[in-house]
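Here is a short tour for anyone who likes to read a fold from its atoms. Have the viewer open and follow along.

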Amino acid sequence: MLKALWTGSVGAGADADEASCGPAPATEWARDLSWLRELDLASFHWGHTGSHFYVEIVYLARIIEVSLGFWVKPTDAGWVVSGPSTLW
(Lines give C-alpha, C1' and ligand atoms only; values in the text may rest on other atoms or scores of the structure.)
Protein backbone atom coordinates (compact mmCIF):
# COMPACT_ATOMS: atom_id res chain seq x y z
CA MET A 1 0.00 0.00 0.00
CA LEU A 2 2.80 2.45 0.85
CA LYS A 3 4.52 1.75 -2.45
CA ALA A 4 1.28 2.47 -4.36
CA LEU A 5 0.83 5.75 -2.48
CA TRP A 6 4.43 6.76 -3.17
CA THR A 7 4.13 5.86 -6.86
CA GLY A 8 0.89 7.81 -7.21
CA SER A 9 2.20 10.88 -5.41
CA VAL A 10 5.94 11.43 -5.15
CA GLY A 11 6.81 8.97 -7.92
CA ALA A 12 4.36 10.53 -10.36
CA GLY A 13 5.71 14.01 -9.64
CA ALA A 14 9.28 12.84 -10.09
CA ASP A 15 8.76 11.12 -13.47
CA ALA A 16 10.03 14.11 -15.43
CA ASP A 17 13.09 14.45 -13.21
CA GLU A 18 13.84 10.75 -13.44
CA ALA A 19 13.99 10.92 -17.22
CA SER A 20 16.97 13.26 -17.02
CA CYS A 21 18.63 12.02 -13.84
CA GLY A 22 17.94 8.29 -14.03
CA PRO A 23 15.38 6.41 -11.94
CA ALA A 24 15.38 6.63 -8.16
CA PRO A 25 16.12 3.41 -6.29
CA ALA A 26 13.02 1.21 -5.99
CA THR A 27 13.17 1.32 -2.20
CA GLU A 28 13.44 5.11 -1.86
CA TRP A 29 9.86 5.28 -0.61
CA ALA A 30 10.70 2.80 2.17
CA ARG A 31 13.97 4.40 3.31
CA ASP A 32 12.72 7.95 3.69
CA LEU A 33 9.09 8.15 4.84
CA SER A 34 9.06 11.95 5.16
CA TRP A 35 6.83 12.15 2.06
CA LEU A 36 3.98 10.69 4.16
CA ARG A 37 3.64 14.07 5.91
CA GLU A 38 2.43 15.56 2.62
CA LEU A 39 -0.48 13.10 2.26
CA ASP A 40 -3.99 13.99 3.40
CA LEU A 41 -7.49 12.58 3.00
CA ALA A 42 -9.63 14.27 0.35
CA SER A 43 -13.02 12.58 0.61
CA PHE A 44 -14.84 9.31 1.13
CA HIS A 45 -17.21 7.71 -1.38
CA TRP A 46 -19.52 4.77 -0.70
CA GLY A 47 -19.76 2.15 -3.45
CA HIS A 48 -23.08 1.53 -5.17
CA THR A 49 -23.87 -1.52 -2.99
CA GLY A 50 -23.10 0.24 0.30
CA SER A 51 -20.72 -2.56 1.31
CA HIS A 52 -17.47 -0.75 0.46
CA PHE A 53 -16.10 2.76 0.39
CA TYR A 54 -13.22 4.57 -1.24
CA VAL A 55 -10.85 7.15 0.18
CA GLU A 56 -9.30 9.76 -2.12
CA ILE A 57 -5.78 10.83 -1.19
CA VAL A 58 -4.29 14.31 -1.60
CA TYR A 59 -0.56 14.94 -2.08
CA LEU A 60 0.64 18.55 -1.90
CA ALA A 61 -2.96 19.85 -2.22
CA ARG A 62 -3.87 17.85 -5.34
CA ILE A 63 -5.87 14.62 -5.56
CA ILE A 64 -3.62 11.82 -6.77
CA GLU A 65 -4.53 8.91 -9.03
CA VAL A 66 -4.61 6.43 -6.15
CA SER A 67 -7.59 5.73 -3.94
CA LEU A 68 -7.91 3.09 -1.26
CA GLY A 69 -10.88 0.75 -1.13
CA PHE A 70 -12.29 -0.75 2.06
CA TRP A 71 -15.03 -3.31 2.67
CA VAL A 72 -17.48 -3.29 5.55
CA LYS A 73 -18.18 -6.88 6.59
CA PRO A 74 -20.50 -8.39 9.19
CA THR A 75 -18.94 -10.80 11.70
CA ASP A 76 -20.20 -12.63 14.79
CA ALA A 77 -18.78 -9.81 16.92
CA GLY A 78 -20.33 -7.02 14.83
CA TRP A 79 -19.12 -5.12 11.78
CA VAL A 80 -15.47 -4.81 10.72
CA VAL A 81 -13.66 -2.78 8.09
CA SER A 82 -11.23 -4.76 5.97
CA GLY A 83 -8.78 -3.67 3.36
CA PRO A 84 -7.37 -1.56 1.99
CA SER A 85 -7.05 -2.44 -1.63
CA THR A 86 -5.31 -0.02 -3.95
CA LEU A 87 -7.24 1.33 -6.92
CA TRP A 88 -5.80 3.32 -9.82
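Leu33 counts as partly exposed, because its relative accessibility is 40% and that class lies between the 20% limit for buried and the 50% limit for exposed. The model is a predicted one, and in it Leu33 sits in the loop that links α2 (28-31) to β1 (39-46). Together with Leu2 and Leu36, Leu33 makes a nonpolar surface patch of about 210 Å².

Two residues in another loop are worth a look. Leu60 and Ala61 are placed between β2 and β3. Leu60 has a positive phi near 50° although it is not a glycine, and Ala61, likewise a residue other than glycine, has a positive phi near 70°. Leu60 is called exposed because its relative accessible area is 52%, and Ala61 is called exposed because its value is 75%. The table sets the two side by side.

| Residue | Phi | Relative accessible area |
|---|---|---|
| Leu60 | near 50° | 52% |
| Ala61 | near 70° | 75% |

A positive phi also turns up at Gly50, where the value is near 80°. Gly50 belongs to the hairpin of β1 and β2, which has five residues between its strands. Those two strands pair in the antiparallel sense, with seven bridges between them. Within this pairing, Ser43 stands opposite Glu56 of β2.

Now for the interior. In soluble globular proteins, nonpolar side chains tend to be buried together. Here the largest nonpolar core holds 14 residues, and Leu5, Trp35, Leu39 and Ile57 have the most contacts inside it. At least two residues of this core come from each of α1 (2-21), β2 (52-59) and β3 (62-75).

Which residues does Trp35 touch, leaving aside its neighbours within four places in sequence? The partners of Trp35 are Leu2, Leu5, Trp6, Ser9, Val10, Trp29 and Tyr59.

Finally, the chain as a whole. The protein chain contains two helices and four strands, in the order α-α-β-β-β-β from the N terminus. Of its 88 residues, 27% are buried. Its accessible surface comes to about 5900 Å², and carbon and sulfur atoms account for 59% of that area. Of the contacts between residues at least 6 apart in sequence, 28% join residues at least 24 apart.

Conventions: Residues are numbered from 1 along each chain as its sequence is written. Side-chain values use heavy atoms; hydrogens and water are left out. Buried means under 20% relative accessible area, exposed over 50%, partly exposed in between (1.4 Å probe, protein chains only). Contact means heavy atoms within 4.5 Å. Accessible areas come from the Shrake-Rupley method with a 1.4 Å probe; for residues, only the protein chains shown count as cover. A nonpolar core is a set of buried Ala, Val, Leu, Ile, Met, Phe, Trp, Tyr and Cys residues joined through side-chain atoms within 4.5 Å. Patches are made of residues with over 30% relative accessible area and no salt bridge: like charges are joined within 9 Å, nonpolar side chains (Val, Leu, Ile, Met, Phe, Trp, Tyr) within 5 Å. A salt bridge is a side-chain nitrogen of Lys or Arg within 4 Å of a carboxyl oxygen of Asp or Glu. Two strands pair if DSSP finds at least two bridges between them.
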